[in-house]
Amino acid sequence: MAALRLGSLPPPTLTGITVTKKCERFNGGFKVVGDGGGDNGFPPFLPKEIEKIKDPFARNLARRIKRLPVQIGCSESYIMSSCVQPLAQTDANPVALLHCFDSSCLEWRRAYPLLEESGLEAWALDILGWGFSDLGRLPPCNVASKRYHFYQLWKSYIKRPMVLVGPSLGAAVAIDFAVNYPEAVEKLVLINPSVYAEGTGNLAKLPKVVAYAGVSLLKTFPLRLYANLLAFDGIPLSKSLDWTNVGRLHCHMPWWKDATVNFMVSGGYNVVSKIKQVKQKTLIICGENDKIVSNQLAMRLRFELPNASMQRLPDCGHLCHVDKPRNVVKLIADFARAK
């Protein structure tokens, strides 16, 4: 975690077109600079492996990733937190986009431009411990810390009830957040939700040395490629290879291994008991060809949530927002605007 001594740094205001400033440390303090960027316009904090990615949607969204100071702990401690910030504020409540387990905001590379075209104010957020934040001094990355960090970001920048979108494990993150901070969430959209796992199970009991070995395996290209082939429904191998590099880009952050082990041994997300506490109107989107989360579990969730509806997408796998972005954006936009 980068605990910056920023004193009373005010969060930027989002009115009309926003120019987000970046904060950089110097001599124990900070300076505010313009957007700038490294080669090809990428933020300099992204891993150099971004240059190997060919997907134009991923490259374009990567150029828009910012780091915003989010207060944690004492009043002078901040985490420089990565996200894609909307260019303008709208009258309607914003849409906040979470990501899957061990992923990043780049999951929304194909859907995010369409959400903007539809006129929605969209935030693509990196959950604490994943993505591209500055975690040089590692904070706890357990569920409570992830939840509190997200709340502090919402309170500082978003400030209005959200339509909160969570794919896969991000659905568990969304349910946990909505139950604990109902004032921050207007509606929920859960995409192929993975919400019935009881945390990380026996992985939480592993000796640290074994946990680190397992996390090292999680980063490997063959394992990520296999997961990618499971997640998508019949994409070409060349695209799968490139999308694997997109999906593991955050694994090159220097703190990634420590953060992932910290989350694993903390016990992870277990939201089964919270499902019936959800008060918000909820839309469940599921791909009919999902090979990772059974459609039967989505149907079970549909009936256990107090106020939920479900939409199925044919010829679609686990990551609907990447696989069928136009379909997903239309469902999100219609649901967000419905009374």
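Which residues of helix α8 (residues 256-266) are buried? Before I reply, a word on the source: this is a predicted model, in which local features need pLDDT of at least 70, side-chain atom pairs count only at pLDDT 80 or more, and totals for chains, interfaces and linings use all residues. Residues are numbered from 1 along each chain as its sequence is written, and side-chain values use heavy atoms, with hydrogens and water left out.

The buried residues of α8 are Trp-256, Ala-259, Thr-260, Val-261, Phe-263 and Met-264. Buried here means under 20% relative accessible area, with a 1.4 Å probe and protein chains only; helices are DSSP runs of H or I, at least four residues, numbered from the N terminus. Their cover includes α3, α4 (169-180), α5 (208-219) and α6 (221-231). After α8 comes Gly-267, with a positive phi near 110°.

Helix α3 (residues 143-158) also gives five residues, the largest share, to the lining of the largest cavity. A cavity is a set of points on a 1 Å grid over the protein atoms alone where a 1.4 Å probe fits but cannot get out, and lining residues have an atom within 4 Å of a point. This cavity has a volume of about 80 Å³, the space filled by probe spheres set on the points, which are joined across faces, edges and corners. Among its lining residues are Leu-125, Lys-146, His-149 and Val-173.

Finally, the largest nonpolar core has 55 residues, and Leu-97 and Val-189 have the most contacts inside it. Such a core joins buried Ala, Val, Leu, Ile, Met, Phe, Trp, Tyr and Cys residues through side-chain atoms within 4.5 Å. Its largest share, seven residues, comes from helix α11 (residues 325-337).

Methods
Buried means under 20% relative accessible area, exposed over 50%, partly exposed in between (1.4 Å probe, protein chains only). Helices (H or I, at least four residues) and strands (E, at least two) are DSSP runs, numbered from the N terminus. On a 1 Å grid over the protein atoms alone, a cavity is a set of points where a 1.4 Å probe fits but cannot get out, and a pocket is an open set with protein on both sides within 12 Å along at least five of seven lines; lining residues have an atom within 4 Å of a point. Contact means heavy atoms within 4.5 Å.
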